[in-house]
Amino acid sequence: MNSEIVMNNETTGVGSGRIRAKRSLLSVSLEKLLELIIRLSGVSAILFVLAIFFFVFREAIPITISEHFSIKEFLTSIEWYPTSAVDIRYGTLALTVGSLSITFLSVLFALPLGIGAAIYISEFCGPKLKEALKITIELLAAIPSVVWGFIGLTVMSKVIVAVTGAPLGVNLLNGSIILALMSVPIIVSIGEDALKAVPDSFREAALAQGATKWQIVYRVLLPAAKNGLLAAVLLGVGRAVGETMAVLMATGHAVAIPTSLVDPIRTLTANIAAELGEAPAKSDHYRVLFLTGILLFIITFAINLIADFVIRGVKGKK
Amino acid sequence: MSEQLLTQTTVDKLRFTKTSMTVRNEQTQSFAKWIFCAMSLAMIVPLFLIITYLVYHAAPSLNWEFLTTLPKNGMREGGIWPAFLGTIYLVVISLAIAAPIGILAAIYLNEYAKDNWFNRIINLAVINLAGVPSIVHALFGLGAFVYAANFGYSILSASMTLSIMTLPVIIASTREALMSVPMSFREACWNTGATRWQTIRAVVLPNSISGILTGVILQVSRAAGETAPVMFTGAVFYKVIKGGDLFAYNLNEQCMALSMHLYTVTTQVPNVKESIPYATAVMLLGSVLIVNATAIALRSWLRNRKKW
């Protein structure tokens with residue numbers, strides 16, 4: 001291992017022999033400056049999160065003193081008429097319900113697939129197939145959301161009309177399926193990490209008792225990895241709540257509480273994307289959309305925070 | 001009891017026979033295996049079918065001319081050059097901003113940061129930055145860069161929004177690359193009297209540079225596919241530039257972007273020639289997947305080459 005390091009030092013030209021005991025003031029202060037920049041970059045992540053909150057809040061805050069707005073109506077009314085000439089209403093309940101229902105359904109679809117695939121990849125398949133599946137899943141995760149939206153609009157909507165006989169193919173079901181396909185790769189990769197984190201001694205102990213692989217999965221791995229799997233699901237939920245373009249294109253545009261699977265809906269994210277372009281800058285409508293953004297920010301922040309605690313719990317136990 | 005003394009019949013008696021429980025276990029086992037296999041396939045196979053369907057419908061428009069010409073007749077015909085070029089601009093500039101900050105932040109988190117509450121908050125911030133919905137990034141870009149910093153709707157605003165959005169991708173993968181350098185390498189270097197930074201520059205970075213590169217490539221693919229953040233900060237529905245000209249955009253103007261162009265031709269323009277949205281989708285998907293496949297290939301090549 002020592003020769004390795006000497007080699008590396010030679011290639012970069014900073015051999016250990018050439019580091020002098022006394023360095024010039026310039027080189028020392030340059031190094032201090034560089035370390036300062038490194039520290040600042042480290043802190044920048046906090047600054048960016050605060051900046052996001054600050055700037056979105058700054059655009060949103062004047063709405064709270066507007067005569068058309070009340071925070072109670074914003075959260076609990078289903079009436080969203082931002083551009084009405086006579087009776088302006090900013091109620092986001094229907095949008096929130098839209099977001100929640102599509103998230104719930106997509107997780108319902110994605111959960112069995114994701115966990116099942118994670119178990120298959122981690123426990124059942126051979127090393128070559130495992131590598132191939134992991135690469136495929138990584139590529140699936142890379143497909144841009146607007147392409148997913150396009151798939152929902154063109155392919156999935158035809159399938160849904162053909163299967164369910166609904167008048168419109170773009171609806172809650174379509175969006176949920178697309179979102180499920182989008183969040184499966186996340187659930188698989190994090191779920192697989194969670195299963196990998198279970199020590200092999202657990203598996204060996206079970207094998208020594210004569211347990212079959214299925215019994216190991218069901219009796220040993222799932223209980224041992226349940227926190228990691230929960231975190232995987234939470235991050236899948238986080239992605240589903242925040243997804244914009246795919247739901248914008250695949251769910252139809254109806255600000256209403258859905259009563260069936262094939263009702264068109266609109267989510268908080270899609271609503272911002274659909275209306276921000278038309279809302280005049282600094283108008284009440286524009287500011288309400290920013291306030292919706294804050295609502296979203298808080299929801300996803302909470303989900304990520306919980307997921308992080310759950311994962312930390314797993315690591316702490318190990 | 002030696003083996004020679006056993007008669008053939010006793011051997012037959014001693015041979016292991018499956019009990020009904022073993023049979024049942026084996027059946028559940030293979031059943032479970034096929035169920036899980038089916039679940040994995042249920043995720044992958046439909047998508048391959050869908051992609052084949054997209055390529056099949058895109059085929060009439062997929063050619064070199066489609067890439068290098070302007071959209072014509074109100075985007076109902078013609079090519080995607082301005083959108084393609086715009087995406088390259090946005091990606092390159094966002095990369096130029098995000099890569100240095102992201103790599104330095106990862107160096108801080110992995111090499112300097114002690115495990116205390118402050119650095120745990122930084123970690124949490126990175127995780128949350130990755131989890132903020134893209135549309136909230138768009139709102140932030142609009143409020144901060146377009147209005148507050150007064151860059152207006154421009155390539156600059158859009159790239160900055162994209163760079164903050166993709167920062168966590170670079171931080172995460174750079175950290176992974178730095179973490180894969182064994183601690184003993186650093187300790188050996190410290191023992192020769194090298195400072196922290198000298199160690200990083202002479203030992204850690206040379207041993208992790210290709211892993212860092214992989215992360216940068218992944219950032220490119222992520223930035224190229226994003227729609228919402230550029231839609232409200234600098235991307236425009238339509239803009240005339242010279243076909244095939246590489247330096248057609250200025251930083252303070254708006255540009256077209258491939259991802260937004262796909263949204264536009266699919267939902268906003270009526271009576272588009274049928275193969276055009278499909279071809280746009282295939283071009284976008286193709287570029288993103290090629291960039292990603294490059295990163296994956298680079299990574300597996302590195303893994304095989306690694307000696308420790």
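Among contacts in chain B between residues at least 6 apart in sequence, 76% link residues at least 24 apart. Keep in mind that this is a predicted model.

**The build of chain B**
- There are 12 helices and 2 strands in chain B.
- Starting at the N terminus, the elements of chain B follow the order α-α-α-β-β-α-α-α-α-α-α-α-α-α.
- Chain B is more spread out than a compact globule, because its radius of gyration is 27 Å, well over the 19 Å that the globule rule gives for 308 residues.
- Taken along the principal axes, the box filled by the C-alpha atoms of chain B is roughly 95 × 65 × 35 Å.
- Buried residues make up 47% of the 308 residues in chain B.

**Where the two chains meet**
- On the chain B side, 79 residues are in contact with 78 residues of chain A.
- Helix α2 (residues 20-58) of chain B supplies the largest share of the chain B side, with 16 residues.
- Sorted by class, the side of chain B that touches chain A has 55 nonpolar, 21 polar and 3 charged residues.

**Confidence in chain A**
- Chain A has a mean pLDDT of 85, with 91% of its residues at 70 or more.
- Within chain A, helix α8 (residues 200-208) has the highest confidence, at a mean of 92, while helix α1 (residues 2-12) has the lowest, at 43.
- The pLDDT is below 50 over residues 1-16 of chain A, a stretch that has 23 contacts in the model beyond near neighbours in sequence.

Conventions. Residues are numbered from 1 along each chain as its sequence is written. Chains are lettered from A and ligands numbered from 1 in the order in which they are written. This is a predicted model: local features need pLDDT of at least 70, side-chain atom pairs count only at pLDDT 80 or more; totals for chains, interfaces and linings use all residues. pLDDT is the predictor's confidence in each residue, from 0 to 100. Helices (H or I, at least four residues) and strands (E, at least two) are DSSP runs, numbered from the N terminus. Two residues are in contact if their C-beta atoms, placed from the backbone, lie within 7 Å. Ala, Val, Leu, Ile, Met, Phe, Trp, Tyr, Cys and Pro count as nonpolar, Asp, Glu, Lys and Arg as charged, and the others, Gly among them, as polar. The radius of gyration is taken over C-alpha atoms; the globule rule is 2.2 Å times the number of residues to the power 0.38. A residue is buried if 20 or more other C-beta atoms lie within 10 Å of its own, exposed if 12 or fewer, and partly exposed in between; C-beta atoms are placed from the backbone.
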